[in-house]
Amino acid sequence: MLVVDDDESIRSLFAIGLTRAGFDVRVAANGPDALSVMADEPISVVLLDAHMPGMSGLDVLAALRDQPGCESLPVVLVTGADDRDDRARGLEAGANDYLVKPVRLDEIATCVRSVLHSPIGGDTDH
């Protein structure tokens, strides 16, 4: 799986927690880096910060949805903004789920497993 967040401490915390939960985790600090990782290796699910400087999470999501083979890639947006309109925009843009920080690591792992095992998701923990 790929964890994308511009905040290094959050990115590291999520990566450590998800690794301990059994996931094979890659990380990216921004949208362009995330797209580069996606081009270089197979990713089964993306945990994506919705609000990043430069290329936002919604921009990354749109770019992913335009790439062949990524139309149904499970993507979970994570944000610090508890805004219903923001959540609606994310889900309308194609996110499979949306979590609001602060979020517990076990909640993230459960959410990721859920989107991986949904009919439109995958069936592996990468």
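Leaving aside its neighbours within four places in sequence, which residues is Leu77 in contact with? They are Leu48, Ala50, Gly57, Leu58, Leu61, Gly90, Ala95, Asp97, Tyr98 and Leu99. Contact means heavy atoms within 4.5 Å. This is a predicted model, where local features need pLDDT of at least 70, side-chain atom pairs count only at pLDDT 80 or more, and totals for chains, interfaces and linings use all residues. Residues are numbered from 1 along each chain as its sequence is written, and side-chain values use heavy atoms, leaving out hydrogens and water.

**Nonpolar cores**

- A nonpolar core is a set of buried Ala, Val, Leu, Ile, Met, Phe, Trp, Tyr and Cys residues joined through side-chain atoms within 4.5 Å.
- Buried means under 20% relative accessible area, exposed over 50%, and partly exposed in between (1.4 Å probe, protein chains only).
- The largest nonpolar core has 21 residues. Leu2, Val4, Met38, Val46, Leu48, Leu64 and Leu77 have the most contacts inside it.
- Helix 2 (31-40) is one of the elements that give two or more residues to this core. Its share, four residues, is the largest.
- A second, separate core has 19 residues, including Val3, Phe14, Val78 and Leu99.

**Helix 2**

- Helices (H or I, at least four residues) and strands (E, at least two) are DSSP runs, numbered from the N terminus.
- Gly31, Ala34, Leu35, Val37 and Met38 are buried in helix 2. Seen down the helix axis, the buried residues fall within an arc of 160°, so they line one face. The arc is that of the directions from the axis to the C-beta atoms.
- Exposed Ala39 and Asp40 sit on the face turned away from the buried side of helix 2.
- Strand 1, strand 2 (26-28), strand 3 and helix 3 are among what covers the buried residues of helix 2.
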